[in-house]
Amino acid sequence: MPSTDLCSVSLLSPARFRLFGFTAFLLGASLPTSNALMNTSLVLAAICLLWQRDFRYLIPLLKQPLVWLPALMFALLAVSLLTQHHEYGPKMVGKYQKLLYVLPLALFFLADSKLITRFISGFLLANAVILAISLTAGIGHVTLGGLDPQNPTVFKLQITQNVFMAFAALIWLTRAFAQSGAHRWCYGALVLLATANVLLMVQGRTGYVALLVSVGLWLLLTLPHWQRLGVLTCGLLLAIMLIFIPNRATERLTLGLAEVRNCVLAPAEQAYQACDNSMGQRTAFARESLRLIKQAPLLGNGAGSFWYGNAQTGYGVHNPHNEYLLETVQNGLLGLALFLGWMWCCFRATWRQPTACRNLLVAVLGSYLACHLFNSFLLDSAEGHLFMVLAAVLAGYRVARRPK
């Protein structure tokens, strides 16, 4: 996200800014690397707020839908524990408590406009390190720390790494357009390497969606009309090459379509075995979700109500890998309306930003909305916390006073 002034002046002393700046950098670096570091950075952010004790934006933030809508979503999920009992319910509520972090994170980033830049620097540096290690393992076939050269994931699971690498590629692309000379070539090289890592090396189809939607939206919003035509032509040529030239991305997409088809056509007695794969399971998750939604369409079945698995062994999952379905299964159409309303408020806040900031944020938000079809990103730890930061920054933009 481009650096945009959140407030006219910084009230941080040099000592406080060092702690705030380190915390913001650590938070950005921890998201793609370590949950332990992420939790540490969140604790540090709370310490920073208690040390600063500047709550002048507290009441204006509480009035923002960007803040109270996610809090209401969490409250609705927590109240369901009192009316409907599911064994996984308390754990599900615990995973969604990150919805309450928008307010303190907004207060944290409002302390100084440079904190957003520090956060982005940490995020990009972590992804650059991941990219270097992943390329070394994938291209050089070096099994660093037991890495698989056929699927060189480093710190996180393949989906998280691919999605975050796609976002890093998007930010590097914006910087390549903004810079000139050697800096432009360096950022351009990072974009190409990150794109190759996402599409051709690391297994994770959600990463393909994140990359194509975010970059596509950004280019459509940023480029002049004649350049959009050129990009569209290049995109079509690239798609043709991916289709007719054997590569891992095409193989994985073809395999995914075959998995969906086999799951749909399987007889009932063989359904679980036929759907026991990535895309097949997502198909089965959708069918089970629709069945549960029909049972309680308005208020849902409560926290932790989704379960799909093998009835014989008792092994199953509580996540349909689709945020829209999960919200509706647990909180009904009311919960889905709150969720979609929150997303709409995020887009409204984004659209009122300066052009460069607006284009990047719209691309990231659009990517999130597309990826929600294939994963429950608010439930997932790293992806969910990144969205909380995004919502917090947008809430800060809405209440901050810009210098005249």
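Predicted model: local features only at pLDDT ≥ 70, side-chain atom pairs only at ≥ 80, totals over all residues.
Residues are numbered from 1 along each chain as its sequence is written, and side-chain values use heavy atoms, with hydrogens and water left out.

The protein chain contains 17 helices and 2 strands; these are DSSP runs numbered from the N terminus, helices being H or I with at least four residues and strands being E with at least two. Of its 404 residues, 51% count as buried, where buried means under 20% relative accessible area, exposed over 50% and partly exposed in between, for a 1.4 Å probe and protein chains only. Among contacts (heavy atoms within 4.5 Å) between residues at least 6 apart in sequence, 74% join residues at least 24 apart.

Helix H6 spans residues 102-110, and because 8 of its 9 residues are buried, it is largely enclosed by the rest of the structure. The buried residues of H6 include Leu103, Leu107, Phe108 and Leu110.

A cavity is defined on a 1 Å grid over the protein atoms alone as a set of points where a 1.4 Å probe fits but cannot get out; a pocket is an open set with protein on both sides within 12 Å along at least five of seven lines, and lining residues have an atom within 4 Å of a point. Grid points are joined across faces, edges and corners, and a volume is the space filled by probe spheres set on the points. The structure holds 3 cavities of 30 Å³ or more, and the second largest cavity has a volume of about 70 Å³. Its lining consists of Leu49, Gln52, Asp54, Arg56, Tyr57, Leu107, Leu110 and Ala111, with H2 and H6 as the elements that give two or more residues. By class, this lining has 5 nonpolar, 1 polar and 2 charged residues; Ala, Val, Leu, Ile, Met, Phe, Trp, Tyr, Cys and Pro count as nonpolar, Asp, Glu, Lys and Arg as charged, and the others, Gly among them, as polar.

Helices H2 (35-52), H5 (89-95), H8 (158-178) and H17 (381-399) each supply at least two lining residues, and H17 provides the largest share, with 4 residues. The pocket lining divides into 9 nonpolar, 13 polar and 5 charged residues.

Thr33 is placed in the loop between helix H1 (14-30) and H2. Thr33 counts as buried because its relative accessibility is 18%. Its side chain reaches the backbone oxygen of Ala29 at 2.8 Å. Leaving aside residues up to four places away in sequence, Thr33 touches Ala126, Ile130, Phe155 and Lys156.

Most residues other than glycine have a negative phi. Arg53, in the loop between H2 and helix H3 (58-62), has a positive phi near 55°; with 66% relative accessibility, Arg53 counts as exposed. His321, in the loop between strand E2 (316-317) and helix H15 (323-351), has a positive phi of about 55°, and its relative accessible area of 21% makes it partly exposed.

Finally, a search of the whole structure finds 0 disulfides, a disulfide being a pair of cysteine sulfur atoms within 2.5 Å. Cys48 is buried at 0% relative accessible area, and Cys371 likewise counts as buried at 0%.

Definitions and conventions. Polar contact = N/O pair within 3.5 Å; in protein donor to acceptor, adjacent residues only side chain to side chain.
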